[in-house]
Amino acid sequence: MPRHIHITGDIAIHEMAYGRGELWIVNTRFSCLCTLDHYHSFVPRWQPPFITELASEDRCHLNGLAMKDGAPAFVTVLGQTNAARGWHENKRDGGAVLSVPSGDVVVARLAMPHSPRWHNGKLWLLESGTGSLGTIDIERGLYEPIVHLPGFTRGLDFIGRYAFVGLSQVRESATFSGLPVTEREDRSSGVWVVDTIRGEVVAFLRFDGNVQEIFAVQLLVNCKNPELVIDDNPLMANAFVLPDKQL
């Protein structure tokens, strides 16, 4: 239920994550990680080392954030470029995973990587351009897919050994042209569940209607009846959030 509203402007937010009392935002338009305060649209906190200035040019398409121990640890970019929308020139294998805060390249030559996650002591990743889910061998700098799925993989969350992966039914276009996933005839939209130990799909929810893209997947643990109350809902007039201890 909303209590605070902050207006950032159109900064093309791709992912957000809480850590140590702060909300971290992937600011794709300005190629940085940022947080919020009461005075500014956003507060830049980190940029890849190859980005030389803060500019609203989407230079590398910074898109994914993995938190570890309450702090940003890894990010994904679609290109290590310092020109406006320069990542478009090499979508097929220009993607990379970078370490935060060092900015070191953990693994490169990826096809549109998204949704890095630290889970059970491993760094997980979706290589969207190939439609795969896999892990990264940080020591060797290798991406190791464990399963290929029938769509553009984007959006990832876990419960134990099970990964919940979002799939999008992307079409051949200027943004997605030349990717292995667009060469497949069967591309689906929905959420696929993967047993990460066996490397097998155990369930899926396919959308056959107008929903053709999934961006984020977030599991609501121990929640049986979730409801999102927006600011123009009549419930807002008589819904309150109070401290546990009252005067």
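Let me start with Asp93, which is partly exposed at a relative accessible area of 24%, where buried means under 20% relative accessible area, exposed means over 50%, and partly exposed lies in between, all with a 1.4 Å probe and protein chains only. This is a predicted model, in which local features need pLDDT of at least 70 and side-chain atom pairs count only at pLDDT 80 or more, while totals for chains, interfaces and linings use all residues. Residues are numbered from 1 along each chain as its sequence is written, and side-chain values use heavy atoms, with hydrogens and water left out.

What does Asp93 meet in a salt bridge? The partner is the side chain of Arg109, at 2.7 Å from N to O, a salt bridge being a side-chain nitrogen of Lys or Arg within 4 Å of a carboxyl oxygen of Asp or Glu. Arg109 lies in strand S8 and Asp93 in the loop between S6 and strand S7 (95–99), so the pair ties together parts that are 16 residues apart in sequence. When I say strand, I mean a DSSP run of E with at least two residues, and the numbering goes from the N terminus. Arg109 itself counts as exposed, at 62% relative accessibility.

That strand S8 brings us to the sheet. Four strands form an open sheet in the order S5-S6-S7-S8, with antiparallel pairing, and two strands are taken to pair if DSSP finds at least two bridges between them. At the edges are strand S5 (64–68) and strand S8 (105–110), each of which pairs on one side only. From one strand to the next the twist averages 15°, where axes are lines fitted to C-alpha atoms and angles run from 0 to 180 degrees between N-to-C directions. Five bridges hold the antiparallel pairing of S5 with strand S6, residues 71–77, and within the sheet Met67 stands opposite Pro72 in S6.

Which residues have the most contacts inside the largest nonpolar core? They are Leu33, Leu62, Leu65, Val75 and Leu98, in a core of 16 residues, a nonpolar core being a set of buried Ala, Val, Leu, Ile, Met, Phe, Trp, Tyr and Cys residues joined through side-chain atoms within 4.5 Å. At least two residues of this core come from each of S2, S5, S6 and S7.

Because Arg45 lies in strand S4 (residues 43–46) and Glu22 in strand S2 (residues 22–27), the pair ties together parts that are 23 residues apart in sequence. Arg45 is partly exposed with a relative accessible area of 38%, and Glu22 counts as partly exposed at 29%.

A second, separate core of 12 residues includes Leu133, Phe158, Ala163 and Val194. Two of these residues face one another across a strand pair, since Phe158 stands opposite Ala163 in S14. S13 and S14 pair in the antiparallel sense over six bridges, and in their hairpin, which has two residues between the strands, Gly160 takes a positive phi near 60°. S14 is joined to strand S15 (residues 190–195) by six bridges, again running antiparallel, and here Tyr162 stands opposite Asp195 in S15. Five of the seven residues of strand S14 (residues 162–168) are buried, so the strand is largely enclosed by the rest of the structure.

Arg154 forms a salt bridge with Glu213, with the closest N and O atoms 3.0 Å apart. This pair links distant parts of the chain, Arg154 being in strand S13 (residues 152–159) and Glu213 in the segment after strand S16 (200–206), 59 residues apart. Arg154 counts as buried at 10% relative accessibility.

Finally, the cysteines. How many disulfides does the structure hold? There are zero, a disulfide being a pair of cysteine sulfur atoms within 2.5 Å. For Cys34, the nearest cysteine sulfur is that of Cys32, 5.0 Å away. Cys34 counts as buried at 0% relative accessibility, whereas Cys223 counts as partly exposed at 38%.
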